Amino acid sequence: MRLRTLTLAAASGTALLAAELLPAHASAAAPRSAPGSAQEGTVSAADLLAKVTSCSQISNGKYKTDDETSATVPVCGKNGAVFWKADMDVDCDGQRTTNCNEDRDPWYQDDTAFHQSDGKPLKAETLPYVVVPSTSSIWNYTNAGIKGGGVVAVVYNNKVEYAVVGDTGPSKIIGEASYATAKALGIDPDPETGGTDSGVTYILFKNSKVTPIESHSAAVSLGDQLAKQFIAAN
């Protein structure tokens, strides 16, 4: 469970990797089974973003993106999903790995709010997951149909990465995802200095659940189906 988010490095530290982007019409490839650096699934980033241009606010207030910023980010409701547009801080919590440990992350914790099917914490370095704010008077994610293992479409720089709801964070801060999520989207995944200041859209599909939670291929498969339904319903 994340207790502190990170102050991000300058935007110049992020990797846009524009040369590696697939054009929108190239999104018809089959869903991939592992985190990658380009389009996942068959629904384009542009098609998803076209459905979240306006916000019907469902949160009682707004969230900060970091401790020192003002509260400007609402949680918005759509048919079949909730979404927000924020930054991305890098969460390295969970199982110790080469890049996620006490030496690499000053705020490292060896647990996550939700666990693998074997009871162990999630593995931030290899599993794309998103952090949701802990329940507060601002918003209760469970009341909105969001649960651990739920599918999230994370959109950044014309890329779509499917992730799961894997951890909870501060009750007043939003915009955080695992090392693997950042890396797949071309964002600097360093837990201390990485992340990006803006431009990330998180679309969380209501009443969804990936089983087992640690299966990224299952998240991509289910996410692609839900994304198609989302496009059709909004």
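**Figure 1. Trp 84 and Tyr 202, a buried aromatic pair.** Trp 84 and Tyr 202 are both buried in this predicted model. The structure holds three aromatic pairs. In this one, the ring centres of Trp 84 and Tyr 202 lie 5.9 Å apart. Their planes meet at 35°, so the pair is tilted. Trp 84 belongs to strand β2 and Tyr 202 to strand β7. The contact therefore ties together parts that are 118 residues apart in sequence. Ring pairs also bring in Trp 139, giving a cluster of Trp 84, Trp 139 and Tyr 202.

**Figure 2. Phe 205 and Phe 230, an edge-to-face pair.** The two rings sit 6.0 Å apart, centre to centre, with 70° between the planes of Phe 205 and Phe 230. Phe 205 is in strand β7, and Phe 230 is in helix α3 (residues 216-233). The pair links distant parts of the chain, 25 residues apart. Phe 205 has a relative accessible area of 3% and is buried. Phe 230 is buried as well, at 2% relative accessibility.

Figure 3. Side chains of opposite charge can pair when their charged atoms come close. A search of the whole structure finds four salt bridges. One of them joins Glu 102 to Arg 96, with the closest N and O atoms 2.6 Å apart. Another joins Asp 110 to Arg 96, at 3.8 Å from N to O. Asp 110 and Arg 96 both lie in the loop between β2 (81-91) and β3 (129-133), 14 residues apart. Shared partners join Arg 96, Glu 102 and Asp 110 into one network. Arg 96 is partly exposed, at 49% relative accessibility. Glu 102 is partly exposed at 42%. Asp 110 is also partly exposed, with a relative accessible area of 42%.

**Figure 4. Asp 190 and Arg 104, a salt bridge between two loops.** The closest N and O atoms of Asp 190 and Arg 104 are 3.7 Å apart in this salt bridge. Asp 190 lies in the loop between α2 (179-184) and β7 (196-205). Arg 104 lies in the loop between β2 and β3. The bridge therefore ties together parts that are 86 residues apart in sequence. Arg 104 counts as partly exposed, because its relative accessibility is 30%, between the 20% limit for buried and the 50% limit for exposed.

Notes:
Residues are numbered from 1 along each chain as its sequence is written. This is a predicted model: local features need pLDDT of at least 70, side-chain atom pairs count only at pLDDT 80 or more; totals for chains, interfaces and linings use all residues. Side-chain values use heavy atoms; hydrogens and water are left out. A salt bridge is a side-chain nitrogen of Lys or Arg within 4 Å of a carboxyl oxygen of Asp or Glu. Buried means under 20% relative accessible area, exposed over 50%, partly exposed in between (1.4 Å probe, protein chains only). Helices (H or I, at least four residues) and strands (E, at least two) are DSSP runs, numbered from the N terminus. Rings of Phe, Tyr and Trp (its six-membered ring) pair if their centres lie within 6.5 Å; planes under 30 degrees apart count as stacked, over 60 as edge-to-face and the rest as tilted.
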